[in-house]
Amino acid sequence: MPKAITRKSEDFDRWYTDTVRRAELADYAPVRGCMVIRPYGYALWERIQRALDDMIKRTGHENMYFPLLIPESYLQKEAQHVEGFAPEVAWVTHGGQRELEERLAIRPTSETIICSMFADWIHSYRDLPVLINQWCNIVRWERRTRLFLRTTEFLWQEGHTFHESRAEAVEEVERMLDCYRELAEEWLCIPVVPGRKTESEKFAGAEYTLSIEAMMSDGWALQAGTSHQLGQNFTRAYGISYSDRENALQHPFQTSWGLSTRIIGGLIMAHGDDSGLVMPPRVAPIQVVVVPVTRSNDAEGAAAVEAACARLEAGAGEVRLRVDRREGIRPGEKYAHWELRGVPLRVTVGARDLAAGAVTLTRRVDGESWTEPLEGVAGRLPALLEEAHTRTWARAETMLRERTVEVSSLEELGQTFAGEPVFANAPFCERPGCEEAVKAAAHALSVRVLRRDRSGERGRCLACGEASSEVALIARAY
RNA sequence: CGGGAAGUAGCUCAGCCAGGUUAGAGUGCACGGUUCGGGACCGUGAGGUCGCGAGUUCGAAUCUCGCCUUCCCGACCA
């Protein structure tokens, strides 16, 4: 393999695949669309999981676990839902040699099994709200797959809640969408646009779907987390009912929300560059790498370098620091190795700097390099990581801002997308015909969301010119 | 799921069209040495059911058919 990965500007898709594989995040498995998440990639997922799981717990939810296999009859009770998922459900038809009397679906999502179980457990308003979550794997037989972004099997969390009132459910989907926003922005340094999906893009069976949309560095949009207000669609279909405070029988209101390993694809495409990954410091499996620089004919110098490395290690505290002590590899190769893996900070410890009591630091996100006294540098690492975080965020935020435009007509939209892809905001009336017109204005365009931050804004729909009160985010999407 | 391309060492590929000793290169890997502040060099060595399965043939990496996987372009989707 060539030493350098494919340049991002040259071929973005190849750059992505090269980076994922060379950085050892994941690799292809023998079954189409399936991937092996390798230790470095899984460590990243565990960091993301931990951050999000804390938020899920903080907002009052409990984790539990439902089975992988779902009887076909369960899946079929909510008509729109079945229809929506029919093309991508994988089925188990045999147990050993024997054909099953009823096929079992490998969960494409768990609403159906969860509703079926909670129908037995919810009887009274005193049983509500139900606030649960599960971390699990999902299988969807996708036509076209890409590592992390769209795989046949993926990992995610799916939250499921049941409430007494629509108002509570509405509040819940907003709250959880905001957790996703917080995860993306505060932890992954990915600025996102929260909003509501159009009818045609919403989850099958939902009253409405909210999502956060992130901009990748090629200007394409990535749906990075979704939150669905399911109303009573499923609770009616699955016969979940309870006696309310007036002893009247009611169906609870329900929500579900999910965030998957897809977000890792988003992290890669939002921050990566020609040298490989750029890890946001708060979730980076390795936050600081120390590269010792020694000469084999200088035992005294080597001892001093090792002593300094050991001191950094001892002083790292909570900082995830690794000293690259591999022998026989020159420093330059180690630099490239860790840059490919996106480690936010590198500390180079060599006899030259050490003679002056100093070490060299290099920040991954902007390549900036400077020297610091060895004394006290370990203690400064958290602050330096924070600065790396701020810069990673700032770079992504600047990109989003600079590549967002306002358009007011289909013609303007078409002209805009004749150039580099951007996020286009436009007044939009939500009529299906107008959505079709938007999609037709340029190749691969779609309405990503109706922006939550601009809901209620008066305007004239870019397609039909009639009064509108929503602003659509229009983009090319993964 | 339609249209196209590809699959030969861990990786990138040559060889295939015109079937014929023991299947090659670069890189990577292991060991030894010289090196060492941006992907070093020399030497030695290991590593292959030529994607899988049938067929044609005295003989198949090479020709034919089927299947699997990957990539690109569409339709579908987190």
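Reader: Let's start with Phe118: does that residue count as buried or exposed?
Author: Some ground rules before that. This is a predicted model, where local features need pLDDT of at least 70, side-chain atom pairs count only at pLDDT 80 or more, and totals for chains, interfaces and linings use all residues. Residues are numbered from 1 along each chain as its sequence is written, chains are lettered from A and ligands numbered from 1 in the order in which they are written, and side-chain values use heavy atoms, with hydrogens and water left out. Now, buried means under 20% relative accessible area, exposed over 50%, and partly exposed in between (1.4 Å probe, protein chains only). Phe118 has 7% relative accessibility, so it counts as buried.

Reader: And which aromatic pair does Phe118 form with Phe162?
Author: A pair of aromatic rings is described by the distance of the centres and the angle of the planes. Rings of Phe, Tyr and Trp (its six-membered ring) pair if their centres lie within 6.5 Å; planes under 30 degrees apart are stacked, over 60 edge-to-face, and the rest tilted. Phe118 and Phe162 make a tilted pair, 5.4 Å centre to centre with 45° between the planes. This pair links distant parts of the chain, with Phe118 in helix α5 and Phe162 in strand β8 (residues 153-163), 44 residues apart. Helices (H or I, at least four residues) and strands (E, at least two) are DSSP runs, numbered from the N terminus. Phe162 is buried too, at 0% relative accessibility.

Reader: Which residues form one aromatic cluster here?
Author: Phe66, Phe118, Trp121 and Phe162 do. Of these, Phe66 is buried, with a relative accessible area of 3%.

Reader: What about charges over rings: where does Arg346 lie?
Author: The idea is that NZ of Lys or CZ of Arg is within 6 Å of the ring centre and within 35 degrees of the ring normal. Arg346 lies over the face of Tyr335, 3.8 Å from the ring centre. Likewise, the charged end of Lys77 sits over the ring of Tyr74, 5.3 Å from its centre.

Reader: Last one: which side chain does the side chain of Glu111 make a polar contact with?
Author: A polar contact is a pair of N or O atoms within 3.5 Å; within protein, one must be able to donate a hydrogen and the other to accept it, and residues adjacent in sequence count only if both atoms are side-chain atoms. For Glu111, in helix α5, the partner is the side chain of Ser256, at 2.6 Å.
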